[in-house]
Amino acid sequence: MHNDNLPMQLTSLLGREQETAILHKLLCQPEVRLVTITGPGGVGKTSLALQVAFDVQDAFVDGVFFISLAAITDSTLIIPTIAQTLGVIESPNRLLLDSLKEFLRERQALLLLDNFEQIISAAPLLTELLSACADLRMLVTSREALRLRGEHEFPLSPLALPDQSSVEALLQYPGIALFIQRAQAIQPEFQLAHGNAPAVAEICARLDGLPLAIELAAARIKLLSPQAMLVRLKDSSLGLLTSGARDLPVRQQTLHSTIQWSYDLLNADEQRAFRWLSVFVGGCALEAASIATSDQSTVIGDKEQATDHWSLITLDLVTSLVNKSLLRQSETDSEPRLTMLETIREFGWEQLTRTHELEDARRTHANYYLSFVEEAETYLTGADQKTWLKRLNREQDNLRAALQWALEHHEGEMAQRMAGALQPFWLTRGHWSEGRRWLEESLAMDSGATLAPAVRAKTLYAAGMLTRFEFARARMLLEASLTLYRALAGKTGVLMALVELSRITAYQDDQTAKKAFLAEAASLLETLPDTVVKASAYSDLALIMEDLGASQYPPETARYLAESERIQRALNNPTGLALALTRQASGALFEGEFTLMASRLDEAERLALELGDERILGRLAGIRVLHAVQEGDFAAMRLRLLDSLQQSVNRGNHQVPFWLPILAAVLHGQGLDVWSARVFGLADTLPETIQLRAYAAAFKQRFHISDARAQVRAQLGDEAFEREIAAGHRLRMEDLRTIPHPLETAPPSTSSGQPASSSASSESLTAREIEVLRLLAQDLSNPQIAEQLVVSRRTVDAHLRSIYDKLGVKSRDAAIRMARERGLI
């Protein structure tokens with residue numbers, strides 16, 4: 001886990017020294033697990049929380065993470081949002097909450113959850129996470145307390161207001177200092193002087209010391225002097241506090257009125273742009289902002305000329321709103337992005353309602369993102385895939401809003417087109433549950449009678465793909481899709497459905513149906529032109545046709561994979577090529593062609609790293625494990641196996657029961673029979689899923705896992721073996737990292753089933769520490785080691801301190817020398 005996602009604050013935090021110190025101390029107290037900063041919008045909760053998060057980073061070795069909830073109104077999205085921020089990959093057959101708990105259970109981390117008031121009903125989930133993860137802390141910002149047991153509420157007051165009028169005295173007040181700081185950012189020559197000091201002081205007092213309100217007022221310094229600004233404020237609705245809901249707290253009315261005052265100073269074009277920009281959730285790209293700034297009914301010459309014209313207008317209007325602090329501009333992956341503070345966005349939404357534009361704006365927004373996802377889909381199988389995956393990631397909040405609008409307004413075809421186009425993204429990123437939900441809801445809106453059959457066929461197929469481990473439901477969806485594609489005479493769609501049905505029926509062990517679907521797919525495949533779909537079908541069919549119990553692969557398998565590789569290269573599809581190469585590497589391993597295996601692995605790994613595709617990287621790591629098993633390199637096997645196990649746990653996937661018996665066999669090969677028996681015991685507690693059972697049986701036979709188990713029993717004796725098996729039933733996955741190295745083996749267990757204590761066992765290096773040593777020997781720096789292991793820099797520092805202590809050394813060179821002498825690396 002990395003701790004590098006805290007957004008940098010572009011301005012210093014003024015007047016919050018005391019609050020920062022109190023919160024810092026509070027979060028460092030062992031008994032404090034949950035702190036909630038409460039207060040009205042605009043009081044500075046987020047800025048304070050970010051400052052505190054930066055200050056306490058050293059106390060959390062596994063990282064501090066900022067999780068913005070401003071764009072979320074659906075409480076069911078809290079867990080996916082946290083998981084995606086932390087890089088936890090969803091499993092298709094495990095609750096994401098359980099995967100998140102497993103990921104955080106042994107980590108010392110702080111989550112900063114910002115703007116929780118919008119999903120307050122999700123608060124009990126925080127208690128569930130905290131209960132499962134002993135070293136996890138949370139810092140929350142919210143307009144109201146969460147009302148959870150163990151919560152420490154920290155009400156945040158506005159900045160202190162002046163009660164003296166001298167310039168020297170006023171400069172000591174944080175509200176005045178903030179006004180000056182923001183004014184000088186716009187007009188560098190601005191200074192507080194005797195002539196303007198009383199006006200500045202009264203402005204801050206009228207704005208109740210609310211930082212956001214003060215910032216909005218100071219943004220007008222180029223247009224209005226403080227004296228003129230004060231006159232305008234007195235003449236505006238702010239003076240009477242009549243703008244906005246009358247049941248709002250006074251300070252909230254003040255902020256609302258300040259935004260209203262700032263809005264009233266905009267010209268008509270700026271006001272329209274501001275209103276329409278508030279329809280975006282979580283911000284937007286500059287290109288998308290054109291829907292808020294262009295007159296959809298105006299035509300200027302040709303389309304290209306019109307686009308250029310509106311691009312210039314968009315840029316001018318956006319720049320004006322940024323300068324007036326109503327809009328914020330940042331840069332992500334070299335692309336400008338526009339965002340609004342949630343309080344300001346709420347006001348814009350209110351104005352859209354008042355001007356009767358809300359539905360037009362939302363419809364335009366939904367249509368824009370429908371075009372966006374359908375364009376993105378065409379790029380998800382080419383050289384630009386990584387760029388478009390990132391764009392889709394950034395726009396998830398807008399995509400959710402567009403889908404929700406389509407469902408609420410019974411726009412069935414729009415919902416199905418959008419969800420169908422997003423299926424490859426959801427599959428690649430592992431967003432199984434969310435994707436299934438949108439697809440199923442869009443399908444439920446219409447029985448198919450009023451939709452274009454091609455749209456419904458595609459949506460049914462997409463839903464079947466994301467439901468593939470709920471076999472009966474997936475088969476029903478895919479068979480319905482196949483029926484529609486047959487009626488449409490759509491050969492590509494028919495092939496896609498046949499391939500996936502071959503996979504599902506293989507999982508169901510319905511051999512008759514599997515053979516029928518396979519035969520039809522294989523016959524149809526040869527009649528189609530080269531496309532990404534054809535290349536993927538070749539690769540998938542090769543996998544489905546494998547008989548792992550056989551001594552060699554079926555002849556067609558190698559040809560299918562070669563064809564898949566050829567087409568994927570020709571079409572420049574990196575993901576498809578990486579998958580084809582991965583499957584070729586697996587085949588080469590079992591054929592004993594290790595040179596071919598290595599070249600395929602290296603190329604696939606390079607592609608997967610460029611794409612950031614964790615699924616493919618996990619498969620590649622597994623192949624390297626099995627190669628190490630065949631080579632008899634127990635030390636390498638241990639490290640790779642533990643990493644593969646951790647990745648499987650993080651993904652919550654079905655491969656954990658597959659790897660554990662192999663680890664047990666490796667431990668037996670290292671002479672660690674007590675631990676081998678325990679790992680066999682842990683494996684016995686985890687049932688194999690149907691889709692893995694055949695593969696697991698074949699691998700156990702190939703790698704003599706049953707022989708290893710029998711040998712461990714013979715070595716320990718029946719009574720001791722059963723005792724250690726029972727001890728393994730109580731093991732947790734994280735205990736596997738504590739298994740000692742064979743050269744410093746812990747003694748046999750006591751009658752309790754746990755290892756006997758001794759100085760030798762306490763000085764044993766863990767597998768992770770040996771891994772750090774190996775990277776150290778490659779002359780990697782601590783930050784480089786952290787990047788390799790996907791942990792924080794402080795975690796690496798902690799591992800090195802432990803290594804130095806255990807080896808009795810004080811330097812990197814001494815540790816490397818000692819490790820080599822002992823044969824550890």
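Student: Which ring does Arg107 lie over?

Tutor: Arg107 sits over the face of Phe103, 4.0 Å from the ring centre. A charge counts as over a ring if NZ of Lys or CZ of Arg is within 6 Å of the ring centre and within 35 degrees of the ring normal. Arg272 is placed over the face of Trp276, at 4.3 Å from the ring centre. Bear in mind that this is a predicted model: local features need pLDDT of at least 70, side-chain atom pairs count only at pLDDT 80 or more, and totals for chains, interfaces and linings use all residues. Residues are numbered from 1 along each chain as its sequence is written, and side-chain values use heavy atoms, leaving out hydrogens and water.

Student: How many aromatic pairs are there?

Tutor: Rings of Phe, Tyr and Trp (its six-membered ring) pair if their centres lie within 6.5 Å; planes under 30 degrees apart are stacked, over 60 edge-to-face, and the rest tilted. Searching the whole structure gives 13 aromatic pairs. One of them is Tyr263 with Phe347, edge-to-face at 5.6 Å centre to centre and 70° between the planes.

Student: Why does that pair tie together parts 84 residues apart in sequence?

Tutor: Because Tyr263 lies in helix 12 (residues 250-264) and Phe347 in helix 16 (residues 342-354). Helices here are DSSP runs (H or I, at least four residues), numbered from the N terminus.

Student: Are Tyr263 and Phe347 buried or exposed?

Tutor: Buried means under 20% relative accessible area, exposed over 50%, partly exposed in between (1.4 Å probe, protein chains only). Tyr263 is buried at 3%, and Phe347 is buried at 2%.

Student: Which residues form a cluster through ring pairs?

Tutor: Phe280, Tyr368, Tyr369, Phe372, Tyr379 and Trp388.

Technical notes
Helices (H or I, at least four residues) and strands (E, at least two) are DSSP runs, numbered from the N terminus.
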